[in-house]
Structure formats: C-alpha cells, structure tokens
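Reader: I would like to go through this model term by term, with each label set against its cut-off. Where shall we begin?

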Amino acid sequence: MAGRIYLRSFKLADAPTLLKWGQDKYYQHLAGFRQYHNLAAAETAAGQYAARKYSYAVCLTENQQLIGLVELYERGTDERELLKTKEVGFLLDKEFSGQGYMTEALKSLFEYAFKQLGQEEIWAGTFKQNQRSQHLLRRLGFQYMYSVDLGMISRLFAYEEKYYLLKKEEWLKINLNTES
C-alpha cells in the first residue's frame, strides 16, 4: 500500500478538481466543503490552499491525479497550546473512497506532525452524519471526546460535529506495533 499516493502543495491547475468538489452536494453535506459556482472561484480557492502552511493535495503516484486534500489547522486558546496541538481536516474524492488512500495520506501527515513539527495531539471534527470519517479516525487511534450542536450556538449553523483526539504517545504506540 505504501507509495500509492503522495502529498504536495496546491497549485492553480488543481482548480478544476476543486470546482468539481465544490459543485457536488455530497462534499458539502458530509464535510462542509465550500460551494464554488465557477472556475474563477475555484482558482481563488486553489490559491488560498496553496498559501496555507500545512495544506496538501493528495495525489496518485501513478498519474499525479489530485484525489483529495489534507490540512492541519491551528487549535488552542493560547500560544503554548498552539505550539503543541493542531486540528486535521481532510476530503477524499468519492470515486476513490474505500481503497485506503486517505488512511495512507493521514498516516503520512501525522508522522510529519508528531515527529517533525513536535505536535503532542491532533484533533478532528466531523459532521455527525459522516460515519466513514469517524470510522477512519477510530482506526487511526483517535478517541471520541465530545459533540457540539452548533445550531444551539447560532442560527447560522444547522449541524452537529463530533470531535476526536489523537495523542502523540498513542500514535507512536500504534505505529510501533504495526512496523516490522
């Protein structure tokens, strides 16, 4: 399985794929992916993804096709927390779902986050209905922590999110047991 995908920075040429995802309600419903109405909006988005420090395109090694994205976001309330924790976001093209590509991409990202960036924990939030992502997070060692009904906070939001946590020591323990 190793080596089937690689992570790279986003580029303007990714805009057509972002537009495809942005025009598909599937990605908006399960992951809150932004809606894009035209190529110009998707090109702007590609530039924004490219400008983010820890935002990566997930591509197939065999043909360089963009099939997903993974990102690390800042998380915490003060500088000390921000240095040790991140939140992950991810999306996989539904045509490639169930083949282990996102597992491979996230493992690569977490390896980098824990070993190179010195992160102590990684959080993930998923929409309540996104069972596939929740299952993937649990397989990777994340523990369910809590849910937030954002509709109770503001009328602008009409969804509930589940939050999961992966601690560095848990990640290292799981991966030490799987390496041979």
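Author: We can begin with Leu92, which is placed in strand β4; a strand is a DSSP run of E of at least two residues, a helix is a run of H or I of at least four, and both are numbered from the N terminus. The model is predicted, and local features need pLDDT of at least 70, side-chain atom pairs count only at pLDDT 80 or more, and totals for chains, interfaces and linings use all residues. Residues are numbered from 1 along each chain as its sequence is written, and side-chain values use heavy atoms, with hydrogens and water left out.

Reader: Why does Leu92 count as buried?

Author: Its relative accessibility is 17%, and buried means under 20% relative accessible area, exposed means over 50%, and partly exposed lies in between, with a 1.4 Å probe and protein chains only; Leu92 therefore counts as buried. Leu92 and Ala105 are 13 residues apart in sequence, and their C-alpha atoms are 9.9 Å apart in space. Over the protein chain, buried residues make up 43% of the 180 residues.

Reader: What makes Gln64 partly exposed, and what is its phi?

Author: The relative accessible area of Gln64 is 47%, so the residue falls in the partly exposed class. Gln64 is found in the loop between β2 (55–60) and β3, and its phi is near 65°, a positive value in a residue other than glycine.

Reader: How do you know that Lys20 and Asp93 form a salt bridge?

Author: The closest N and O atoms of Lys20 and Asp93 are 2.5 Å apart, and a salt bridge is a side-chain nitrogen of Lys or Arg within 4 Å of a carboxyl oxygen of Asp or Glu, so the pair meets the rule. The two belong to distant parts of the chain, 73 residues apart, with Lys20 in helix α1 (residues 15–22) and Asp93 in the loop between β4 (85–92) and α5. Lys20, at 38% relative accessibility, counts as partly exposed, whereas Asp93, at 2%, counts as buried.

Reader: What makes Glu104 and Arg4 a pair that ties together parts of the chain?

Author: Glu104 and Arg4 form a salt bridge whose closest N and O atoms are 3.3 Å apart. Glu104 lies in helix α5 (residues 101–115) and Arg4 in the segment before β1 (5–8), so the pair ties together parts that are 100 residues apart in sequence. Glu104 is buried at a relative accessible area of 10%, while Arg4 is partly exposed at 26%.

Reader: Why are Glu170 and Lys173 separated by about one helical turn?

Author: They are 3 residues apart in helix α7 (residues 168–178), which means a separation of about one helical turn. Elsewhere, salt bridges that share partners join Lys20, Asp93 and Glu95 into one network. By the same rule, the count comes to 11 salt bridges.

Reader: What makes β1 and β6 (143–149) edge strands?

Author: The sheet is open and has 7 strands in the order β1-β2-β3-β4-β5-β7-β6, with mixed pairing. Two strands pair if DSSP finds at least two bridges between them, and β1 and β6 each pair on one side only, which makes them the edges. The twist from one strand to the next averages 25°, where axes are lines fitted to C-alpha atoms, for helices over the stretch in contact, and angles run from 0 to 180 degrees between N-to-C directions.

Reader: How do you know that β4 and β5 pair?

Author: They are joined by 4 bridges, against the two that the rule requires, and therefore pair; they run parallel. Glu87 stands opposite Trp123 in β5.

Reader: Which residues lie nearest the centre of the largest pocket, and what makes such a space a pocket?

Author: Ala31, Phe90, Leu91, Asn130 and Ser133 lie nearest the centre, among 42 lining residues. On a 1 Å grid over the protein atoms alone, a pocket is an open set of points with protein on both sides within 12 Å along at least five of seven lines, a cavity is a set where a 1.4 Å probe fits but cannot get out, and lining residues have an atom within 4 Å of a point. The largest share of the lining, 7 residues, comes from α6.
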